[in-house]
Amino acid sequence: MENQYPFLPTIALPSTTDLIRLDARPRRSVTLDSAALEVMTDLKLVDPVSVHEDTPLDDAHRAMIGRGIRLLFVTDAAGHLTGLVTATDLLGERPMQCMLGHGKRRADLLVRDVMTPRVELEALKLEDVASAKVGHMVATMKQQGRQHALVVELNPETGHYEVCGLFSTSHMARRLGISLNFIRVPQAFSEIQHSLLHES
């Protein structure tokens with residue numbers, strides 16, 4: 001075996017050795033004509049980050065900050081996907097609506113109170129994404145007014161669809177070097193209060 005796989009030479013670690021920075025890693029340039037898969041987070045290669053539906057909002061927010069992400073998959077006790085929660089869900093008007101509508105304090109709110117349930121989610125098929133360009137994804141997400149898009153693939157063994165990819169407008173914007181602000185999130189409490197008081 002040693003003859004078949006000879007060992008590799010080593011060097012003494014130089015005193016000038018640095019850790020590579022994420023922004024210094026070489027990346028292919030991305031344009032609107034690039035393949036959509038270039039900007040998709042492949043969940044076969046990157047572990048999806050999930051949170052239990054009974055997690056307090058502040059704990060979910062800390063999990064996002066700790067991972068540097070703006071979306072968490074939501075699961076039940078059996079580990080089944082029950083929805084999605086985004087930073088907008090946690091910091092936007094949904095918590096305020098829930099507090100006013102159900103007489104709860106923010107500290108009592110759980111992820112299940114503000115998440116988007118699985119039955120309300122839509123997804124793209126991997127087979128369609130595989131032949132699409134980044135421009136198609138930008139147009140799709142702009143039309144839907146969403147910051148994230150799920151991608152699913154049919155598992156032939158189980159007959160079930162599986163979430164296998166994720167698109168994020170913030171990730172696409174970074175790769176493209178342009179702004180993709182499709183959703184305006186109310187920033188001030190007065191804006192949130194005004195929207196709640198003037199709902200039809």
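C164 is buried, with a relative accessible area of 5%. Buried here means under 20% relative accessible area, exposed means over 50%, and partly exposed lies in between (1.4 Å probe, protein chains only). C98 also counts as buried, at 7% relative accessibility. A search of the whole structure finds 0 disulfides, a disulfide being a pair of cysteine sulfur atoms within 2.5 Å.

The model is predicted: local features need pLDDT of at least 70, side-chain atom pairs count only at pLDDT 80 or more, and totals for chains, interfaces and linings use all residues. Residues are numbered from 1 along each chain as its sequence is written, and side-chain values use heavy atoms, with hydrogens and water left out.

Helices (H or I, at least four residues) and strands (E, at least two) are DSSP runs, numbered from the N terminus. Helix α1 spans residues 57-67, and its buried residues are L57, A60 and M64. These three cover an arc of only 65 degrees around the axis, which puts them on the same side of α1. The arc is that of the directions from the helix axis to the C-beta atoms. The face turned away from this buried side carries the exposed residues R62, I65 and G66. Among the elements that cover the buried residues of α1 are β3 (71-75), β4 (81-86) and α3 (94-102). Contact means heavy atoms within 4.5 Å. Just after α1, G68 takes a positive phi of about 65 degrees.

An open sheet of 4 strands has the order β2-β3-β4-β5, with mixed pairing. Its edge strands are β2 (50-52) and β5 (116-117), and each pairs on one side only. Two strands pair if DSSP finds at least two bridges between them. Strands β2 and β3 run parallel, joined by 3 bridges. Within this sheet, H52 stands opposite T75 in β3. Helix α1 packs on the sheet and touches β3 and β4; its direction makes about 130 degrees with that of β3. Axes are lines fitted to C-alpha atoms, for helices over the stretch in contact, and angles run from 0 to 180 degrees between N-to-C directions.

Strand β7 (residues 148-155) has 6 of its 8 residues buried, so the strand is largely enclosed by the rest of the structure. Strand β6 (residues 123-125) runs parallel to β7, with 3 bridges between them. There, L124 stands opposite V151 in β7. Strand β8 (residues 160-168) runs antiparallel to β7, and 8 bridges join the two. E153 stands opposite E162 in β8. The hairpin of β7 and β8 has 4 residues between the strands, and G159 takes a positive phi near 75 degrees.

The whole structure holds 9 salt bridges. A salt bridge is a side-chain nitrogen of Lys or Arg within 4 Å of a carboxyl oxygen of Asp or Glu. In one of them, D59 pairs with R62, the closest N and O atoms being 2.3 Å apart. D59 and R62 are 3 residues apart in helix α1, so about one helical turn separates them. D59 is partly exposed at 34%, while R62 is exposed at 53%. D89 forms a salt bridge with R94, at 3.5 Å between the closest N and O atoms. D89 is buried at 8%, whereas R94 is partly exposed at 30%. R146 forms a salt bridge with E122, at 3.8 Å between the closest N and O atoms. R146 lies in the loop between α6 (134-144) and β7, and E122 in the loop between β5 and β6, so the pair ties together parts that are 24 residues apart in sequence.
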